[in-house]
Amino acid sequence: MPHRTMYPLALIALFAASVRGQGAAWSQCMCLTFHPDVPSCRSKGWSGSTTCVTGSTCTACLPGSATTTVATTTTSTPPVSTPATTTSTATGPSGTCTSNSPKSRTGTLQLVGVNIAGFDFGCNTDGSCTASAAYPPLTQYYGKDGKGQMTHFVNDDGYNVFRLPVGWQFLTNNVLGGPINQTNLAEYDALVQTCLATGASCIINIHNYARWNGGIIGQGGPTNAQFAATWSAIATMYKDTPKVIFGVMNEPHDIPDINLWAGSVQAAVTAIRNAGATTQMILLPGNDWTSGAAFISNGSGDALKKVVNPDGSVTNLVFDVHQYLDVDNANLGWEPLTQWLRCNGRQAFNTETGGGNTASCITYMCQQIAYQAQNSDVILGYVGWAAGNFDVSYVLSELPAGSGTNWTDTTLVAQCMAPKAGAQQGSTS
Ligand SMILES: *[C@@H]1O[C@H](CO)[C@@H](O)[C@H](O)[C@H]1NC(C)=O
Ligand SMILES: *[C@@H]1O[C@H](CO)[C@@H](O)[C@H](O)[C@H]1NC(C)=O
Ligand SMILES: *[C@@H]1O[C@H](CO)[C@@H](O)[C@H](O)[C@H]1NC(C)=O
């Protein structure tokens, strides 16, 4: 569409920044501790300055950082965090679990991939999205070569899943509760079909932070029925496509009532299943920007575990978590989650993680991947943030450089995130 050709690169970069809720001034610092009062530190830990607020510490995981409070060396063998003891007993947060014995530690993650961003551009953390700012990462819509990127990621790197974020307003062309706009859906479907053609699984993700223009779904904003109607329409379209995964919502945050939110997620699940998509995986997102570290402590787990399929089962209902490298403990914040998942017989999928192309990020990312692989009985895999339409200067860019069939990955992707890098082989099983 012509309007898309008119976006100067700087504006695109601005949209990209707003997607993440971060200021344009990327700079030195990453908050090592989650800090809910600082917008840019809420889920990613990026403070955008050289100092962090009280309660956080600054760590060097960004290009150009001068401050180093963490190891900056990388080794050819990624450091492997010690997994939880396989023999001790533990009491789960719900008080019902007494075992943290993994079923397996095979070191093999089922799903590993990259976010292909663009259709979410123009979306803000209050759930407002400028529909016309959605920017398809496909050359036929004047975007970047998402097809080339995904083909490279599958063929050269061994990736097998892509997450394709899209704004809710784009899907309905700004009409809350309205039908899916077929013109816009056709553009988005072009990306889905391009993804599917690589042989990968493809996550459809509504990127609205549990909101529409400031109102929270089921809690003063859109009704559960309006949310479910959108999912029903999408599921109808993809009900016969086994490799489509339904990512119900990106990064809910500041949800007043987590149990009401679980009801909204239940409405989406019921709509998807009743539309005929009876077998595909559905990803259930918790509060706190889908934080994996806060999933148990803040009640998302206990609320969302009650979400069921129409037959009462929880088959292929997987918890959606995001886990960057900003949590200060030995297992990067994972341990309460993996223990709880095991106790409850459930699984989670880390659909956003990433970092800069620095030695410290490489060290910690390799460590996180090894941890996930060691816990692959409960962690399905991870999806890096992000490729697609970002500018290569974006600090979290995972865009490969190149064209056609000749692509070169970023350092973080090449050394850690791509399955071919072998970071998963740190398994001690
Ligand atoms: C669908 O959205 C496009 C903008 O992409 C708009 O021009 C068109 O009028 C919409 N169609 C309907 C039926 O609302
Ligand atoms: C827990 O959830 C509440 C309600 O959304 C939120 O205000 C609070 O910041 C969250 N706490 C943490 C530690 O994430
Ligand atoms: C691939 O691209 C790199 C970097 O641009 C270039 O040096 C190399 O010659 C290219 N290889 C082929 C086979 O085109």
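Helices (H or I, at least four residues) and strands (E, at least two) are DSSP runs, numbered from the N terminus. This is a predicted model, in which local features need pLDDT of at least 70 and side-chain atom pairs count only at pLDDT 80 or more, while totals for chains, interfaces and linings use all residues. Residues are numbered from 1 along each chain as its sequence is written, chains are lettered from A and ligands numbered from 1 in the order in which they are written, and side-chain values use heavy atoms, with hydrogens and water left out.

Start with Asp320, which sits in strand β10. This residue is buried (under 20% relative accessible area; exposed is over 50%, partly exposed lies in between, with a 1.4 Å probe and protein chains only). Despite being buried, Asp320 has no salt bridge. A salt bridge here is a side-chain nitrogen of Lys or Arg within 4 Å of a carboxyl oxygen of Asp or Glu. For charge, Lys and Arg count as positive and Asp and Glu as negative, with His and the chain ends not counted. On that basis, the nearest side chain of opposite charge to Asp320 is Arg163, 4.8 Å away. What Asp320 does have is a polar contact, side chain to side chain, with Thr351 at 2.6 Å. A polar contact is a pair of N or O atoms within 3.5 Å; within protein, one must be able to donate a hydrogen and the other to accept it, and residues adjacent in sequence count only if both atoms are side-chain atoms.

Next come the strands around that spot. Two strands pair if DSSP finds at least two bridges between them. Strand β10 (residues 317-322) pairs with β11 in the parallel sense, over four bridges, and Val321 stands opposite Asn350 in β11. On to β12 (residues 379-388): this strand and β11 also pair in the parallel sense, over three bridges, with Ala348 opposite Ile379 in β12. Strand β11 (residues 348-353) is mostly covered, with six of its six residues buried.

Because 14 of its 16 residues are buried, α11 is largely enclosed by the rest of the structure.

Most residues other than glycine have a negative phi, and most peptide bonds are trans. Against that background, the peptide bond from Trp385 to Ala386 is cis, with omega near -5°; Ala386 is part of strand β12. Asn213 has a positive phi, near 50°, and is found in the loop between β6 (211-212) and β7 (215-216). With 48% relative accessibility, Asn213 is partly exposed. Glu251 also has a positive phi, of about 45°, although it is not a glycine. Its place is in the loop between β8 (244-247) and α7 (258-274), and Glu251 is buried at a relative accessible area of 2%.

The structure holds five salt bridges. One of them joins Asp157 to Lys420, with the closest N and O atoms 3.4 Å apart. This pair links distant parts of the chain, 263 residues apart: Asp157 is in the loop between α3 (146-155) and β4 (161-166), and Lys420 is in the segment after α12 (411-417). Asp157 is buried at 1% relative accessibility, whereas Lys420 is exposed at 52%. Another salt bridge brings together Asp240 and Lys239 (3.4 Å, N to O). Of these two, Asp240 is exposed, with a relative accessible area of 64%, and Lys239 is partly exposed, at 32%. Asp302 and Lys305 form a further salt bridge, their closest N and O atoms being 3.5 Å apart. Asp302 is partly exposed at 29%, and Lys305 is partly exposed at 28%.

Finally, Val114 lies in strand β3 (residues 111-117) and is buried, with a relative accessible area of 0%. Val114 and Val161 are 47 residues apart in sequence, yet their C-alpha atoms are 6.9 Å apart in space.
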